[in-house]
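Please look through the sequence and the model first, and then follow the account below.

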Amino acid sequence: MITKGNVFDGFLSGKMYDRLAGIFGFGPSLYKKAAELIVIEQVQVILDLGCGTGSFSAAIVDTANIVGTTGEIHGVDLSKKQLDIAKEKVEAKGVQFVPHLCSMDELPFSSSTFDLVISSLAFHATNPSVRRMTIKETARVLKRNGSFVLVDMTRPKTIFTRLLYLPFSPIVYGESARDNWNNVFPELCENEHLALKTDKFVNSFVRFQQYVKTK
Ligand SMILES: C[S@@+](CC[C@H](N)C(=O)[O-])C[C@H]1O[C@@H](n2cnc3c(N)ncnc32)[C@H](O)[C@@H]1O
């Protein structure tokens, strides 16, 4: 296990990642639904943390009125293969994508750079200290009144889905899953002046949260 997170390199990355994600329910319709939940004015500069193959960024480009005409998206991931596919996928839609091979808790950007920071299904792939530092870094690089959109797995709504999700619960998966299972993010974000505005389930075990930077 790599300390900064589970890096999707090799066989399980790139186009193969997209194929498998679709089979497990993380296909285009999930990202479309999440993108449509974002409440925001048109923005120019977006950062995607743990962007993987860029599926959420691509869905945001497809969602009318989010990305301005001169908009650009910056993606951060520890896998070059994932970043390469993300660039291909987003730029095929006519928006510039700038890849950054680095960890999401050490962002190489000046303070107050981004209008919107997004992260989908990536927080759970990191370790607890990386998540905490990432929230601090997100607050730093966001402009005032900018939004942070976090989409990730959580404790499922129903007992039945909870049983299906058990392998990813803290009971079986371990300590690393506890933050998502217990939904600790609103409190961690609040400490960084990121106020929770929307909290909804995208499906039975994936949660959408939009925070706004108040200070
Ligand atoms: C499950 S994938 C999700 C990717 C994408 N956001 C999506 O929704 O398809 C998790 C991604 O996070 C990346 N990752 C893991 N730890 C990371 C870290 N500390 N910093 C940046 N990326 C990380 C992995 O390489 C992988 O591409």
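Which residues does Gln 210 touch, not counting residues up to four places away in sequence? They are Ile 38, Val 39, Ser 147, Val 149, Lys 197 and Thr 198, where contact requires C-beta atoms, placed from the backbone, to lie within 7 Å.

The structure is a predicted model, in which local features need pLDDT of at least 70, side-chain atom pairs count only at pLDDT 80 or more, and totals for chains, interfaces and linings use all residues. Residues are numbered from 1 along each chain as its sequence is written.

**Gln 210 and the sheet**

Gln 210 belongs to strand S7 (residues 206–213); helices (H or I, at least four residues) and strands (E, at least two) are DSSP runs, numbered from the N terminus. Gln 210 counts as buried because it has 22 C-beta neighbours inside 10 Å. The cut-offs are 20 or more other C-beta atoms within 10 Å of a residue's own for buried, 12 or fewer for exposed, and partly exposed in between, with C-beta atoms placed from the backbone. From Arg 131, Gln 210 is 79 residues away in sequence and 16 Å away in space, C-alpha to C-alpha.

Seven strands make up an open sheet with mixed pairing, in the order S3-S2-S1-S4-S5-S7-S6; two strands pair if DSSP finds at least two bridges between them. S3 and strand S6 (194–201) are the edge strands, each pairing on one side only. From one strand to the next, the twist averages 20°, with angles running from 0 to 180 degrees between N-to-C directions and axes being lines fitted to C-alpha atoms, for helices over the stretch in contact.

| Strands | Sense | Bridges |
|---|---|---|
| S1 (residues 43–49) and S4 | parallel | three |
| S4 and S5 (residues 142–153) | parallel | six |
| S6 and S7 | antiparallel | seven |

Leu 116 in S4 is the bridge partner of Ile 46, and Ser 147 in S5 is the bridge partner of Leu 116.

Strand S4 (residues 114–120) is largely enclosed by the rest of the structure, because seven of its seven residues are buried.

**Residues with positive phi**

Most residues other than glycine have a negative phi. Leu 121 has a positive phi of about 50° although it is not a glycine. Leu 121 lies in the loop between S4 and helix H5 (128–141), and its 19 C-beta neighbours inside 10 Å make it partly exposed. Asn 145, also not a glycine, has a positive phi of about 75°. Asn 145 is found in strand S5 and counts as exposed, with 12 C-beta neighbours inside 10 Å.

**Helix packing**

H3 and helix H4 (residues 80–91) have axes 9 Å apart and pack at an angle of about 10°. H3 is therefore roughly parallel to H4, a term for angles under 35 degrees, while over 145 counts as roughly antiparallel, 65 to 115 as roughly perpendicular and the rest as oblique. Ser 57, Ala 58 and Val 61 of H3 meet Ala 86, Lys 89 and Val 90 of H4.

The axes of helix H1 (residues 14–23) and H4 cross at roughly 75° and come within 8 Å, so H1 is roughly perpendicular to H4. This contact is made by Gly 14, Lys 15 and Tyr 17 of H1 and by Lys 81, Gln 82 and Ile 85 of H4.

**The surroundings of the ligand**

How many residues surround the ligand? There are 25, and the closest are Lys 4, Gly 5, Gly 50, Gly 52 and Ser 120; a residue is near a molecule if its C-beta atom, placed from the backbone, lies within 6 Å of it. Helix H3 (55–62) and strand S2 (67–77) are the elements that give two or more residues to this shell.

Notes
Two residues are in contact if their C-beta atoms, placed from the backbone, lie within 7 Å.
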